[in-house]
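Hi,

Here is the structure I promised to pass on.

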Amino acid sequence: MASHASVSRKTLVVSWVALVLLSVITVMAGQFDHRLLPGVIVLLAGLAKAWLIVDHFMELRQAHQGWRLAMLGWPVVMALAIGLAFFWRLGAG
Amino acid sequence: MWFFILAELAVFGLLIVAFSVTESLHAEAFRASRALLDTSTGLTLTLSLLTSGFFAALAVTQVKQQQSRQAALLLLAAVGSALFYVVIKFREYNHLAYAGLDIEYDTFFTLYWILTGFHFLHVLLGLVILGFMAMRAWRGAYTPAHCRNLESGVLYWHMVDLVWVMLFPLVYVLN
């Protein structure tokens, strides 16, 4: 969070609406009767939500790129770990 | 604050990886146990946390526009939304414990209680921080030039959000 800059109120409102919609999409996708698609949609929605939080709520879009990459890297690594386990289960099943 | 947040994310990361790997080894048991959780409760928890984070982010913008009292009210709104999370989560815990789905029920619920319980403790700490910052903002302690402590507290709260964004699909949805 950079004290010299501030995300606009409009950006925060749009981000919040997007976060709500992505959360609803996550639940709906989880109920799809399909082997592969729910996992892909749910993980992509999770990554999009993480990006919105990091860039807009945390205000890291224009801040130190190292911290931004660290904050964005964490959800990517988590999504990879969750995704690999999920798709490995699909393959084994 | 950044190093503290990275350390916290590392611990949550290990727990999430442990959950995923264990699920790969006990896929059927995890599927059956996850079906016992209410996804709509998970969604409600998610929305309450995200809304709380939204109010906290708005509070920072208000301080930077020298609107300290409005920032205090927004921080109180963040506390209210987070309290809603606490009530819903406590009711879910109570329901699960009453149904016998406690930490010893099976591997899924062992990891569920550890992972969500650890996160729940962070929410409780965040509530205290948000409440304290609301009080300070009401007294005009934060100005555009002196709001680093506020930013650090809000940053911690967004970290709690960020972790939940990955926990929610893992624990409630990905069956």
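**Between the two chains**

The count between chain B and chain A is one salt bridge, meaning a side-chain nitrogen of Lys or Arg within 4 Å of a carboxyl oxygen of Asp or Glu. The side chains of B:Lys64 and A:Glu59 form it, at 3.3 Å from N to O.

Before you go further: this is a predicted model, where local features need pLDDT of at least 70, side-chain atom pairs count only at pLDDT 80 or more, and totals for chains, interfaces and linings use all residues. Residues are numbered from 1 along each chain as its sequence is written, chains are lettered from A and ligands numbered from 1 in the order in which they are written, and side-chain values use heavy atoms, with hydrogens and water left out.

In contact terms (heavy atoms within 4.5 Å), 45 residues of chain B touch 42 residues of chain A. The two chains bury about 3,900 Å² between them, 80% of it on carbon and sulfur atoms; this is the accessible area (1.4 Å probe) lost on being put together, summed over both parts. On the chain B side, B:Trp2, B:Met166 and B:Leu174 lose the most area to chain A, together 18% of what that side buries.

**Chain A by itself**

Chain A has three helices and zero strands, where helices are DSSP runs of H or I with at least four residues and strands are runs of E with at least two, numbered from the N terminus. Its C-alpha atoms fill a box of roughly 50 × 25 × 10 Å along the principal axes.

Best wishes
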